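Welcome, and thanks for taking a look at this one with us.

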Amino acid sequence: MKILHTADWHLGKRLDRFSRLEEQVLVMNEIVHIADEQNVDLVLIAGDLFDNFNPSVEAVELFYKTLKRLSLNGKRPVIAISGNHDSPSLIDAPDPLARECGIILIGHPKATVHPFELEHFKISKSAEGFIELELKSRPFPVRILHTPYANEIRLKEYFGEDKEAALNNVLAEHWKKNADEFCDENGINLLMTHLYINKKGAPILEEPEGEKPIKIGNADLVFSDIIPTQIQYTALGHLHGFQNIGTDEKPVIYSSSPLCYSFSEAGQTKYVSIINGEPNQQVSFEKIALQHGKKLVRKTFDSIENTVKWLNENPNTLVELTLESETFLTANERKRLYQSHSGIVHLIPKIKNQETNGNNLSEINLNQDIQALFKDYFKSKNGGQEANEELINLFNEIVSNNS
């Protein structure tokens, strides 16, 4: 059986004032193409389907259209769970209609998906946090333990009041119960969840810049050693870089987001994971790189000319630009930069440090004219940096208007 694992779509995401929807349309098309080209039997989407609880009409439309295409109008099952950016009720709402198209949407932890049957597959068994699928094209079932993200209130509701002490224990018990009851050696056994999971004793994995954090202290840190031994592959969401925190024998995979969504992800290649599995055998997986989406680039320059040259040579990028200079940028310099490139997300002026004699500014000659006094004052407050001509002219204009 071939399975496609993806996560962290964040449909409707913006980067500062820049919409990413056009890029998301292209990368959703690419994921659909990969699913068809690889002839996958099943698609798993491990949370953060949208970027916020109230996604735009355009984001919702893109989501449903993409799922329908992935499902081949009901021939291929698609299972999506909610993440920490999603409203679980919004994810659950269309489930009865979605099931008619072969799409299973799961918003809440320990949800029970009622069994149903379509022409090409059926849910043959179901329990809290568990489903078993039988595909007409395969002689064995696939079992999926599913745990969508739970916020603090839902964690207490579903996993008990003593969240900090009990989360790992309760999850371990819940997963083990389902695995022991349903996951024998006659089917493929998977876990899909949107939680902050790491290997015990491993360095802390950084959450994406600008991402709503899951890990607060150690209360929400789930360790991979509680994953039941029957599970052959764990499909994770939340962290945006592709990584296996399990082993080659028992992969525990963050499949990555489909686009770079913050400058902390600049330079990352994004992937989907294609799993090949059969009962009672080690699974194999292949990461397939996604090609669409603008590159996010952090660049530092020390001259306007070099900056403009690079910007003109790299038009299809979103840029965080740091410009080091001896004096502050003038309005004309800023205008020139923004006119040369439409994708400057952040422009960070940085005044170069200059070595100055600490005694030079310890005494100020109060007998100077007001312009000279302003220059000395500015220099004393800005690490020895000189006021540029534009600032001097502005100061003179203020003085003349008040004299």
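Predicted model: local features only at pLDDT ≥ 70, side-chain atom pairs only at ≥ 80, totals over all residues.

At 14% relative accessibility, Phe-116 falls under the 20% limit and so counts as buried.

**Aromatic rings**

- Phe-121 is buried as well, with a relative accessibility of 0%.
- In total, nine aromatic pairs are counted in the model.
- One of them joins Phe-63 and Tyr-64 in a tilted arrangement, with 5.4 Å from centre to centre and 55° between the planes.
- Another brings together Phe-116 and Phe-121: their ring centres are 6.1 Å apart and the planes meet at 70°, so this pair is edge-to-face.
- Is Phe-63 buried or exposed? Phe-63 is buried, at a relative accessible area of 1%.
- Tyr-64, its partner in the tilted pair, is partly exposed at 33% relative accessibility.
- Phe-63 and Tyr-64 also belong to one aromatic cluster together with Trp-9 and Phe-50.

**Lysines over rings**

- Look for Lys-200, whose charged end sits over the ring of Phe-223 at 5.1 Å from the ring centre.
- Likewise, Lys-287 places its charged end over the ring of Tyr-271, 4.7 Å from the centre.

**A helix pair**

- Helix α1 spans residues 21–37 and helix α2 spans residues 57–70; their axes come within 10 Å and cross at roughly 10°.
- Angles under 35 degrees count as roughly parallel, and α1 and α2 are therefore roughly parallel to each other.
- On the α1 side, the residues that meet α2 include Leu-21, Val-25, Met-28, Ile-31 and Val-32.
- On the α2 side, the residues meeting α1 include Ala-59, Leu-62, Thr-66 and Leu-70.

**The sheet**

- Seven strands make up an open sheet with mixed pairing, in the order β7-β8-β9-β10-β13-β15-β14.
- Which strands stand at the edges? They are β7 (121–127) and β14 (243–244); each has a single partner strand, so one side of each is left without a neighbour in the sheet.
- In general, the strands of a sheet pair through backbone hydrogen bonds, in either a parallel or an antiparallel way.
- β14 pairs with β15 (residues 252–254) in the antiparallel sense, over two bridges.
- Within that pairing, Asn-244 stands opposite Ile-253 in β15.

Notes
Residues numbered from 1 in each chain as written. Heavy atoms only, no water. Pairing = 2+ DSSP bridges. Helix = DSSP H or I, 4+ residues; strand = E, 2+ residues; numbered from the N terminus. Phe/Tyr/Trp six-rings, centres within 6.5 Å; stacked < 30°, edge-to-face > 60°. Buried < 20%, exposed > 50% of the residue type's maximum accessible area, 1.4 Å probe, protein only. Lys NZ or Arg CZ within 6 Å of the ring centre and 35° of its normal. Axes fitted to C-alpha atoms, helices over the stretch in contact; angles between N-to-C directions. Parallel < 35°, antiparallel > 145°, perpendicular 65-115°, else oblique. Contact = heavy atoms within 4.5 Å.
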